[in-house]
Each structure stands twice: as structure tokens, then as C-alpha cells.
Amino acid sequence: AHAFRFLSVERSARTGGHLWTEEVVEVDNGFLRRLVAIDGKPLTPAQQAAEDHRLELLAKNPAAFAESNRARQKDEARVTQVLERMPKEFLFHYDGQEDGCERIAYRPNPAYQPNSFEDRVVHNMAGYVDIREPSMRLCSITGHLVKTVDFGWGILGHVTQGSGFTLSRSLVEPSVWRSTLLNLHFDGAVF
């Protein structure tokens with residue numbers, strides 16, 4: 001079996017609001033992440049040493065590694081739920097081709113009534129879904145918030161307009177598609 005690796009670029013609560021670039025390697029029981037840059041700058045020697053130490057501790061503690069991957073599995077399940085709701089939450093239209101994939105634009109469906117804060121954030125996104133035909137494989141999906149979403153009337157927090165994501169997938173072996181880039185950029189505040 002081949003070890004599969006990709007690059008992840010993320011700005012979130014997990015990254016403390018900084019832009020983290022990580023090399024991600026798929027291993028038998030999950031994904032191993034190595035931080036390589038913060039806010040577009042390579043790690044300093046001290047940061048590299050701290051990252052090496054963190055990875056050594058993970059290697060010695062399989063339970064901690066398994067726990068970090070359980071969180072990832074929960075996130076993947078939530079993404080699947082979001083994708084299942086997309087036909088109700090969004091309006092779609094064909095928007096040509098991009099890199100050999102059919103491009104479909106989406107925007108919020110004004111008739112849809114969100115049921116939760118997470119649902120409100122997702123519902124206020126617009127972007128593109130690129131599909132490779134005839135295999136119907138996802139090439140990429142991008143989205144950005146078209147307006148700021150407040151919760152608790154803005155008293156409890158918000159997610160800022162323009163926040164968004166990019167997920168790219170590529171054919172890495174015959175009939176095997178994998179995520180090759182994940183870029184998350186969500187700004188906001190929780191009070």
C-alpha cells in the first residue's frame with residue numbers, strides 16, 4: 001500500500017486564528033499531520049523541534065493518535081450530512097468547465113429555513129462544485145459566506161462574510177480519488 005499525502009491549509013479555532021500549512025499523511029489508522037508553516041512562513045528551528053517532539057509523543061501514545069482521528073471522523077460525518085442537505089439549501093446552475101470538470105455554481109435557496117447555527121452558516125454560502133464526468137467524481141468544491149452570520153443576535157458571536165473553504169480532489173491511482181488540498185479560512189468571534 002502507498003502512503004498518501006496532501007497539503008492542508010487551515011485557519012480556524014484549532015489553529016488559534018493563524019494560517020497553518022500542514023503536510024498530511026494517511027496511515028493505516030488515520031491521518032498524521034505535520035505543521036510546516038505558520039501564516040505563510042516556514043517554521044523556525046525551535047518550532048520544528050517542538051513539532052518533532054509532538055510527533056514523537058504521538059508515536060509513543062497510540063491512544064492520543066486514535067483520539068485525534070476520531071475527531072476527524074466526526075468532522076467527515078458532518079461534511080457528509082452537509083452534502084446531503086445541499087439540494088434543499090441551495091439553488092444551482094451550470095457555469096461551464098474548469099480544468100476538465102463541469103462547473104456548477106450554487107447560492108443560498110431563499111425558501112430554505114435553517115434549523116441550527118451550523119445550518120445557518122452553511123446555508124449562507126455560495127461557490128462552485130466541479131464534477132468530472134462521466135465518472136461523477138468530485139474534482140473540487142469551494143464556498144464562501146455571502147454575509148456575516150450572527151448567533152445570539154451577535155451577542156454570543158459571529159462568522160464573518162468572506163469566510164470559506166476549498167477542497168480539491170485528484171485521481172492519484174487508476175480509479176482512486178483522494179483529497180489533495182484542503183483550505184479552510186473562517187474568521188469570527190465567540191463571546
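Analyst: Rings of Phe, Tyr and Trp count as a pair if their centres lie within 6.5 Å, and the pair is called stacked when the planes are under 30 degrees apart, edge-to-face when they are over 60, and tilted for the rest. Please keep in mind that this is a predicted model.

User: Fine. How many aromatic pairs turn up in the whole structure?

Analyst: The search finds 3 aromatic pairs. One of them joins Phe90 and Phe92, whose ring centres are 6.5 Å apart with the planes at 70°, so this pair is edge-to-face.

User: And what about Phe92 with Tyr106, how are those rings arranged?

Analyst: Phe92 and Tyr106 form a tilted pair, with 6.5 Å from centre to centre and 45° between the planes. Because Phe92 belongs to strand E5 (residues 90-98) and Tyr106 to strand E6, the pair ties together parts that are 14 residues apart in sequence. Taken together, Phe90, Phe92 and Tyr106 make up one aromatic cluster.

User: Is Phe92 buried or partly exposed?

Analyst: Phe92 is partly exposed, at 41% relative accessibility, whereas Phe90 is buried with a relative accessible area of 4%, and Tyr106 is likewise counted as buried at 5%.

User: Which residues touch the most other members of the largest nonpolar core?

Analyst: That core has 15 residues, and those touching the most other members are Met86, Phe90, Tyr106, Met125, Val129, Ile141 and Leu145. At least two core residues come from each of helix H2 (62-89), helix H3 (117-123), strand E7 (125-132), strand E8 (137-145) and strand E11 (164-173), and E7 contributes the most, with 3 residues. As general background, nonpolar side chains in soluble globular proteins tend to be buried together.

User: Changing topic, which cysteines form the disulfide?

Analyst: The structure holds 1 disulfide, formed by Cys101 and Cys139 with their sulfur atoms 2.0 Å apart. Since Cys101 lies in strand E6 and Cys139 in strand E8, the pair ties together parts that are 38 residues apart in sequence, and both cysteines are buried.

User: Why is that disulfide left-handed?

Analyst: The torsion about the S-S bond of Cys101 and Cys139 is about -75°, so the disulfide is left-handed.

User: What sits over the ring of Tyr128?

Analyst: The charged end of Arg103 does, at 4.2 Å from the centre of the Tyr128 ring.

User: Now the backbone: what is phi of Asp39 near?

Analyst: Phi of Asp39 is near 55°, which is a positive value in a residue other than glycine. For context, most residues other than glycine have a negative phi. Asp39 is located in the loop between strand E3 (30-38) and strand E4 (41-42), and its relative accessibility of 37% makes it partly exposed.

User: And where is Asn109 found?

Analyst: Asn109 is in the loop between strand E6 (101-108) and H3, and this residue is buried, with a relative accessible area of 15%. Leaving aside residues up to four places away in sequence, Asn109 touches Lys88, Glu89, Phe90, Leu91 and His123.

User: Last one, how many helices and strands are there in the protein chain?

Analyst: The protein chain contains 3 helices and 13 strands, and buried residues make up 33% of its 191 residues. The chain exposes about 11800 Å², of which carbon and sulfur atoms supply 58%.

Technical notes. Residues numbered from 1 in each chain as written. Predicted model: local features only at pLDDT ≥ 70, side-chain atom pairs only at ≥ 80, totals over all residues. Heavy atoms only, no water. Core = buried A, V, L, I, M, F, W, Y, C linked by side-chain atoms within 4.5 Å. Buried < 20%, exposed > 50% of the residue type's maximum accessible area, 1.4 Å probe, protein only. Helix = DSSP H or I, 4+ residues; strand = E, 2+ residues; numbered from the N terminus. Contact = heavy atoms within 4.5 Å. Areas by Shrake-Rupley, 256 points an atom, 1.4 Å probe, with all protein chains shown as cover. Phe/Tyr/Trp six-rings, centres within 6.5 Å; stacked < 30°, edge-to-face > 60°. Lys NZ or Arg CZ within 6 Å of the ring centre and 35° of its normal. Disulfide = S-S within 2.5 Å.
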